[in-house]
Amino acid sequence: MADNEGFRNDWATKDFYQVLGVAKDASTADIKKAYRKLARENHPDSNPGDDAKHEKFKAVAEAYDVVGDEAKRAKYDEFRALQSRGGFGAGVGGGGFGGAGGFNLDDLLRDRAGAGGGGLGDMFGDLFGGGARGRSQQARPRRGADVESTATIGFTDALEGVTVSLRLTSDSPCPTCQGTGGKPGTRPHICPECEGAGFVVAGTGGAFSINETCPACGGRQLVYDEACPTCHGSGRGTSARTIQARIPAGVKDGARIRIKGKGGAGENGGPPGDLFVTVKVTPHRIFGRKGDNLTLDVPVSFDEAALGGEVKIPTLGGAPVTLKLPAGTPNGRTFRVRGKGATRRDGTKGDLLATIEVKVPATLDPTAKEALEAYRAAMAGKPLRSGLFA
């Protein structure tokens, strides 16, 4: 009880707004701005050997920890308001918190909190981390790590969608210590390196500083005198599992798909991370892809291109279609077949782009050779390259 009373008196005499140099009704943004300015000016790394600035830095950090948090600030303001009205009588830490006329602050706060309230002790336990519910007894929840994986699927599966099995190995809480890092049966205490914050402030060589995960507790806020024999204090292990992942229709090569909640397990009740799957699509023998459209090179003979005709071409997963080539179709002309491409997100489909490739025969039989020689003679007066020398 004596420790609690000293604890209450200590906080009752501190004006955190004055420490930060802001008004009581300052906005959260102004409080944060004031804290950053004072932290830079008084940071130990920027002021080696200056004990006064070191103490000022600690006081500023302590003040911001309370009034920089909306919930803590509200409770702190309530406490200060009661104090200013004389509600603490002979002293905040005095026996019973009694005032004139039998006033008892513990009873008042217990009534305000309801049947489950614990009076001023609970109020300060929530505000500053003291008492049985303080941060020395329980670390804050931590989100699990994200996991990366790769899935290789076929060209057709990418267009239609497919479910794949993925074997995952991810970081997880140590099975022996359940992620605490301590030997089972031992009790934790606040990390002396970061004082329970889970991070330390590191200088960048200039006026600015950054927060880094505490190297002593690994961000868990607590440390144990005896490390877990399995994970040697890291609190982490590995787990292997197989999951089924749905690859949506129309996915493209190199796409990165996020599957929420399928990553590494969280710590201290924290949520799991996410799984990110990078999709690799194997090429098709004859079809290609351009956005939501499929592409196809269509070989045609010289006479089909020159005289015109009908050419039957395949579609992916459907019946063949017929292209009608007009006479004089040039090499490289592209025809569009509507609705025979890749599936879009809205369920509609792109098109099939068929590009004409005029093929020259490697060998000719006598009849074909004679016909082409006759054609050459007929076109002798119309040289194709005359425009090159104009």
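Helices, as named in these legends, are DSSP runs of H or I with at least four residues, numbered from the N terminus. All views show a predicted model.

**Figure 1. Lining of the second largest pocket.** Helix α10 gives the most to the lining of this second largest pocket, contributing five residues. Both α9 (302–307) and α10 (366–378) supply at least two residues each to the lining. The volume of the second largest pocket is about 470 Å³. Its lining comprises 13 residues, of which Phe302, Val360, Pro361, Leu364 and Leu372 are the closest to the centre of the pocket. Sorted by class, the lining of the second largest pocket holds seven nonpolar residues, five charged residues and one polar residue.

**Figure 2. The salt bridge between Glu62 and Lys14.** The closest N and O atoms of Glu62 and Lys14 are 3.3 Å apart, and the two residues form a salt bridge. The pair links distant parts of the chain, 48 residues apart: Glu62 belongs to helix α4 (residues 51–67), whereas Lys14 is found in the loop between α1 (2–12) and α2 (16–20). Glu62 is partly exposed, with a relative accessible area of 25%. Lys14 is also partly exposed, and its relative accessible area is 25%.

**Figure 3. The salt bridge between Arg256 and Glu148.** A salt bridge joins Arg256 to Glu148, with 2.3 Å between the closest N and O atoms. Because Arg256 lies in strand β8 (residues 256–259) and Glu148 in strand β1 (residues 147–153), the pair ties together parts that are 108 residues apart in sequence. In general, side chains of opposite charge can pair when their charged atoms come close.

Figure 4. The side chains of Glu357 and Lys359 meet in a salt bridge, with an N to O distance of 3.4 Å. Glu357 is partly exposed, at a relative accessible area of 27%. Lys359 is likewise partly exposed, at a relative accessible area of 45%.

**Figure 5. Helix α3 and its buried side.** Helix α3 (residues 28–42) has 15 residues, which should span 21 Å at 1.5 Å a residue; its end C-alpha atoms are 21 Å apart, in agreement with that expectation. The buried residues of α3 are Ile31, Ala34, Tyr35, Leu38, Ala39 and Asn42. These residues cover an arc of only 130° around the axis, and therefore lie on the same side of α3. An α-helix has 3.6 residues a turn, so residues three or four places apart point the same way. Ala29 and Lys33 are exposed residues on the face of α3 turned away from its buried side.

**Figure 6. Leu20 and Val67.** Leu20 is placed in helix α2. With a relative accessible area of 4%, Leu20 is buried, because the cut-off for a buried residue is under 20%. Leu20 and Val67 are 47 residues apart in sequence, while their C-alpha atoms are 9.5 Å apart in space.

**Figure 7. Thr230 and Cys177.** Thr230 is located in the loop between β6 (222–223) and β7 (236–247). Thr230 has a relative accessible area of 45% and is partly exposed. The C-alpha atoms of Thr230 and Cys177 are 8.1 Å apart in space, and the two residues are 53 residues apart in sequence.

**Figure 8. Phe155 and Val251.** Phe155 is in helix α8 (residues 155–160). The relative accessible area of Phe155 is 11%, and the residue is buried. From C-alpha to C-alpha, Phe155 and Val251 are 9.7 Å apart in space, with a separation of 96 residues in sequence.

**Figure 9. Ser172 and Pro272.** Strand β2 (residues 162–173) contains Ser172. Ser172 is buried, with a relative accessible area of 10%. Ser172 and Pro272 are 100 residues apart along the chain, and 9.6 Å separates their C-alpha atoms.

Definitions and conventions:
Residues numbered from 1 in each chain as written. Predicted model: local features only at pLDDT ≥ 70, side-chain atom pairs only at ≥ 80, totals over all residues. Heavy atoms only, no water. 1 Å grid on protein atoms, 1.4 Å probe; cavity = no way out; pocket = protein on both sides within 12 Å on 5 of 7 lines; lining within 4 Å. Points joined across faces, edges and corners; volume = space filled by probe spheres on them. Nonpolar A, V, L, I, M, F, W, Y, C, P; charged D, E, K, R; others polar. Salt bridge = Lys/Arg side-chain N within 4 Å of Asp/Glu carboxyl O. Buried < 20%, exposed > 50% of the residue type's maximum accessible area, 1.4 Å probe, protein only. Expected span 1.5 Å × (residues − 1). Arc of directions from axis to C-beta.
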